[in-house]
Amino acid sequence: MQPGRYQVIRPTQATGEAPVSAQVSGEASSSSHPRPKRPPTQPRQGACYECRSRKTKCDGARPACAVCRRRGITACVYPEKRGPDSAVSVEVIAHLKALPPARAAALVHLLREKGDPGAALSSFRGGTDRAEPRSLSPPSAAGWSGGSMAAELTAKNAKTYPALTPIDPAVLARSGLLQAVQPSDPAPQARAHLSAAHDKSLSRGHANGIHSSSADTVMLDSTSAMSASDFLDSLELCDERLRHLQVSFWTDLDVPNDLVARVISLYIKTDHPLLGLFNPRLLIGDLVNHQMRFCNRFLFHSLMYIGCQMYSAFDRQGAEYATQFCEVAESLWRAEDDSCVAMAGAVLLSVSLLGHGRDHAVLNYGKQAMEMGHRLGLFVDDESPILPLPMSMPPNDDELSARSYATWGVFNWSVMLSVFYRQPGSETPKSRPKLPIPTEAPDTYTADSEEDESAGEVLFARNFPLMCHFWTLVHKVNWIYYTIQNSPPVYLRLRLVEYTFREFLAWVEDLPPLLLRGDQQPHHTLVFHIWLHTAILDMFQPFINKQQDEIPRLATFSAGDNTPDAIYRASLDQLKHLVVEYRSRHPASTFSLLWHTGLIYLANGVLAGKDPEWHLYFLLCIYAYERLNRSYRISEIVTRGLLSMAMRDTNMTGSEASGLMQQLQNQGLEHIKEDLEDRVRATFMVDLNLALTNPEAANVEKIAADFNDLAIFQDLMDPNEMD
C-alpha cells in the first residue's frame, strides 16, 4: 500500500477460501516500511477574534498569539470556552420547529440579542420552564406572559431599555478601545464630535467611531480619533467673560490667565452639569469682577485642583499645577467659616481627592460639607416632617440660587458616595435639602435660543435639576439597604426595591429630550444613563445568583422570567453598550472620573455571569482605566483589583494580567510609584458580590494586594507556562 493511500476494503472470506492476504501478497510486500502511527495531538486553543476575522491560523497563545504579535497587537481577545454546543444547537432548532410562531419569534429575538445559542436558550428556558409563583398576581399583559423580561422592558420602557444594536465582537476586539496608548504619545487620543465637519457626519448617521451597518451590527473604527492638541484647539471658553480674567487676584501661584480660563471651561463643560455645586454665571461674574459673593479663594483653588487633574490628560504640567492648587486649598480650608461657597469647595476637594487616592480625606470633606449645611439650616432636620420635593425656585434670586446649587450638590455627592463607593464610615444622608431644586422655566427645556445663552448656563440649568431628582430616587434605595436605624425588614426589601424601580422607569419616561440617548447628545447624557443602569444593578445585586428553588419573583411584571436576575442582565447589556458608546464618542471618557463607577459594575457583572464575551468587555473596562491613569492615580489600584478578581474567578493567566498592568503603568504619570510616602488609598468596594457578606475583604486595597500571589499561582497552574 502506497503511503497516503487508504487500505483497500475486501469482501468477507467464504469458508474454505484462501486468505485474502495470500492473494495480494505482492501488494502488501510492495510497501517496504509501514506508515508510522500519528501521535495523539493536544487540543488546540480557540483562535482569537483577530485571527478569526482574518481567517488566519492562530496558535492560541496568551496574552497575544504569534500572528497578532507580528502585527503589533499586545493582547488578543479570545471567546470564552463554552464546551460542545452541538446539542444546544440541535435543541434550539427543535424548539424553532415545534413552537408556535409567536414563541419561535421570541426565541429568534433572544438569539439575535444574546449572540450565543447557549445563552439564548438559557434565557428562553427561564421564560418557559419555570412554574408561575403561586403568591404573585402579575398585571394583565397577556402579550408578555411567558416572554422575556428584556423584551417586556424594551417594549414598555424603551427610554430606559432601548433596543440594542448588536456589537460585532471581532470588530470591537481590534478597535482602538482595546488597545493601549503608546507611551511615546503626548496624550491619549481623544474621541470627540466637536468640529463642524464631524457634526455633519453625525447627522448622516456616523457617530464618531460607532455606527450601524446594513447588517444591524454596531461597528467601530478609529478614523474619527482626535488628537489631544486638536481637542484643546477645538475647546472654546464656556463664557467669553473669562478672556478678561486676572488670576493674580485669586492666587499667589504663578499660572497663566489663559490656562486658568481653559481649565475652568473644561470643568464647567464636562463635570459641572453632573455635579452642580455653584451657578456658573454667578461664579464667573465674581471671578472676572474680583468680587467675593459667590466665590472665594478656597473655592477657586478647589475648582482649579479638579480642573487641572482633568487638564493633565493633555498636558503633563497640569498634574504639577493640580498638586500646588490642592496644597493651597487644604490650607485655606482650615480657616473657612460656614458658607455655601465653602460647602461647594469642600465637595470639589472630595471629588478630586478620590481620583488622587486619598480615601479618608474624601469622606472627611464630604461629611464636613453636609455638617456645614445642617448648621446653616439648609437641610430638613431628622425631627422635621418630610415636605413635598420642591420643584422650582423664584426667578432672579441670586442668593437663593447659590444656596440651592450648593445644597443640592452636597446632597447628591453624599448619596453617590454612600451608594456607589460604600467606603467604611460613609453614611447615607439622613435628610434632604429644604431648598427648592434650582430649575428654570418649563419652556427652557425646549427653547431653541441656545446661541443667546452662556454655554455653561444652558448645560447647567437644563441638566442639573434632573440630576437632583435622580439622586433623590437613588436616596430611597439607599434608605432600604444602608441606613442603620429604621431600615425596612429584610423580607420587604425586594418589594420596596421593585416599586422604586418602577418609579425610576416612570420618571425616565417623562424626561425631556435633553436626557434621552441619541447620536448627538452631550456627554453628560450618557454619563447619566451609565449612572442609571449602575444604580439598577446595585438595587438588584442582593437578589441575584440564588439557588434554583430560592429565585425570587417580581410582582408587577408579567414576563416568564420576571426575576431580579433578568432585570440585572438587561441593565448589564445596556451598560455594555453605554460604555462602548461613551468611550467611542466622547473625549471626556479619558479625563473625567465621574463615570468610572460604571466600569466597576460592568467588570463585576461580566466576571460573575456566564457571558461568552466576558473577556472582551472586561478588557474594555481595563483599557478605559488605562486612559484615565494619566490623570488619576486611583486608576492603577482599581485595575490591579479587577485583574486580581479576573485571575481568581476565570482562566486569565498571570502573564496576561501582568502585561495589562505594565501597559497601564506605562501610560500613567511618573508620580505613580509604590514607594511614595503618600501612597494611594482606596477602601471603597470593588468586589460587589463579596461586599454583600464581607465588606472589609471586598475593598480595592485588599483585593489588589493579592495581585502578585495570584499572578504567580495562575502561571504555575497554566499548562502553556509549564511547557
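Both Phe501 and Phe557 are buried, a term that means under 20% relative accessible area, with exposed meaning over 50% and partly exposed in between, for a 1.4 Å probe and protein chains only. This is a predicted model, in which local features need pLDDT of at least 70 and side-chain atom pairs count only at pLDDT 80 or more, whereas totals for chains, interfaces and linings use all residues. Residues are numbered from 1 along each chain as its sequence is written, and side-chain values use heavy atoms, leaving out hydrogens and water.

The structure holds 19 aromatic pairs, a pair being rings of Phe, Tyr and Trp (its six-membered ring) with centres within 6.5 Å, where planes under 30 degrees apart count as stacked, over 60 as edge-to-face and the rest as tilted. The rings of Phe298 and Trp333 have centres 5.3 Å apart and planes at 40°, so this pair is tilted. Phe298 is buried at a relative accessible area of 1%, and Trp333, at 10%, also counts as buried. The pair of Phe501 and Phe557 is likewise tilted, with 6.0 Å from centre to centre and 40° between the planes.

Phe470 belongs to one aromatic cluster with Trp471, Phe504, Trp507, Phe528 and Trp531. Leaving aside neighbours within four places in sequence, the contacts of Phe470 (heavy atoms within 4.5 Å) include Leu532 and Ala535.
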